Amino acid sequence: MRNQSECKRLYLSTLNISQLRVYNGAYGKLNGGLGSSYQTNFYPKMMKRSPHNKTAATAIDHVTAFISQLHTVPAHYCRQDTKRQYLEDHFQTKIQLYNAYKEQCLTDNVEPVSMKKVVDVFKKFDISFHCPKKDQCAKCRLIYLTLKQRDLSEEEELEFLMHLIEKWIFRIQKKEKIASVLGDKKMMYIEQDMQGNVISPDSDIGLFWYMSRINNFNFTSYIHGWNKVVCVLWHEGLSGKDGVTMASARLQMLEYSLKLNSECIDLQLDGDGCAAQNRNQKESAAEVFFLENGDHNLQTITVSYGIPGHSPVQNVDQVHSIIDRVLKGRDLHSPLDFYTKLVNHCSPKFNKFHVIRLKQEHFLDFNQLSSQMWFKGFRFGDMKVIQYRKGDRNLYYKLHHGQDDWFMHRYQEDSFEIPKELPPLREIDFNIIPQQKQRNVEQCYAYIPLRDQIFFKEMFSVNDNRRIALRIAEGF
Ligand SMILES: [Zn+2]
């Protein structure tokens with residue numbers, strides 16, 4: 001990139017910006033969106049004392065049963081505490097949770113306990129109300145919280161400035177990439193990210209809200225220069241968001257994109273960064289596999305990880321808000337219905353989306369290939385840019401977006417042949433929906449069209465076959 005070192009010099013000179021500016025930055029003015037929302041909910045409210053009434057154990061059991069039934073979703077993107085689950089949007093406050101509980105009590109003909117009791121039980125679960133918002137940067141947030149208590153040390157101040165500089169460089173490089181793909185087919189620039197969980201069947205009927213149902217997944221890409229949106233869809237009845245699934249979804253997207261532009265030599269991919277080591281290894285394997293074997297003229301694939309919380313993938317974010325609006329206030333009957341709604345939608349800005357439904361035969365077993373690649377000491381979490389070069393058994397990487405030269409990591413011997421074909425996943429590697437969830441969905445049949453009922457019946461029958469296959473594999 002031609003202007004890179006100039007930009008770097010320009011922004012390094014901002015190291016001289018005043019301390020006040022840094023603090024303003026931390027309070028949100030430079031970072032968009034932090035600040036005010038943080039201030040309002042910052043101080044924990046004082047707990048009210050409640051009288052020492054004894055609540056019958058059965059009532060508490062009822063509360064426990066109610067909460068364990070709620071539909072929860074994993075965090076949108078993988079941070080440290082991946083085990084934590086979040087309630088879906090219908091529940092944003094304790095009062096909403098309590099109202100749903102009271103409704104359940106009416107149905108079950110049970111006397112409701114107090115809100116405090118319900119909240120106490122709720123706290124024992126590893127569940128939170130809010131899914132962390134995408135536009136919150138962990139680093140900026142930490143700085144903000146620190147500044148509430150004390151001044152930053154010199155070291156912290158420098159680290160935070162580097163963070164801001166990194167963000168600026170990333171943005172400038174992004175603009176350069178967008179400019180270079182216009183009128184030059186030799187380069188392609190694609191943004192990509194997962195959409196937050198979409199649940200089906202879904203409706204405004206209260207019955208739906210507090211039952212766990214089927215998660216739908218959407219891996220969205222935006223191809224700059226072509227103004228093309230590609231959505232790869234799958235659902236929980238097939239798999240979750242593990243590495244092999246993500247790698248398989250990515251392969252579908254790559255195949256489509258390079259068919260669109262077969263002249264491309266240099267492919268640039270931007271993502272929202274911060275994925276787990278294991279998942280990245282599978283994705284790496286997918287990129288190497290595609291680079292060596294795909295039907296295209298590619299010489300390099302360069303993956304840049306943006307700074308999470310500073311909207312590194314703005315176009316994809318826009319597509320996701322469009323999809324949110326398409327779904328808002330409408331029933332979503334099934335994963336099939338989700339697909340139909342996306343295929344039929346025509347956005348004024350992006351036109352029609354190209355939608356790919358991930359099928360069982362699209363899944364390739366990247367485990368073996370990724371285990372043959374040497375990742376020891378190569379920490380994906382530290383990487384800002386990784387480049388794959390055709391015929392080269394090194395990974396090239398940068399630890400900062402402003403870094404000029406590449407570092408190198410050898411992942412295999414030069415003589416290592418990337419397999420031409422990968423085995424498909426076995427039947428037992430796919431997901432099986434828990435019985436309770438299946439029963440919940442079946443309860444919704446009365447409210448959904450026949451077409452979607454048939455879709456679910458088919459999904460559950462495939463599930464039954466997988467259960468049998470699993471039992472055979474385990475030797476029962
Ligand atoms: Zn930040």
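Visitor: Which residues make H10 and H11 count as being in contact?

Guide: Gly243, Val244, Met246, Ala247, Arg250, Leu251 and Leu254 in H10 meet Asn278, Arg279, Gln281, Lys282, Glu283, Ala285, Ala286 and Phe290 in H11. Contact means that the C-beta atoms of two residues, placed from the backbone, lie within 7 Å. By class, this contact has eight nonpolar, three polar and four charged residues. Ala, Val, Leu, Ile, Met, Phe, Trp, Tyr, Cys and Pro count as nonpolar, Asp, Glu, Lys and Arg as charged, and the others, Gly among them, as polar. Keep in mind that this is a predicted model: local features need pLDDT of at least 70, side-chain atom pairs count only at pLDDT 80 or more, and totals for chains, interfaces and linings use all residues. Residues are numbered from 1 along each chain as its sequence is written.

Visitor: Why are H10 and H11 called roughly parallel?

Guide: H10 (residues 243-260) and H11 (residues 277-293) pack at about 30°, with their axes 8 Å apart. Angles under 35 degrees count as roughly parallel, over 145 as roughly antiparallel, 65 to 115 as roughly perpendicular and the rest as oblique. So H10 and H11 are roughly parallel to each other.

Visitor: What makes Leu422 buried?

Guide: Leu422 has 21 other C-beta atoms within 10 Å. Buried takes 20 or more, exposed 12 or fewer, and partly exposed is in between. Leu422 is therefore buried.

Visitor: Where is Leu422, and which residues does Leu422 contact?

Guide: Leu422 is in the loop between strand E15 (407-410) and helix H15 (435-443). Leaving aside neighbours within four places in sequence, Leu422 is in contact with Phe289, Leu364, Asp365, Phe366 and Leu369.

How values were computed
Axes fitted to C-alpha atoms, helices over the stretch in contact; angles between N-to-C directions. Helix = DSSP H or I, 4+ residues; strand = E, 2+ residues; numbered from the N terminus.
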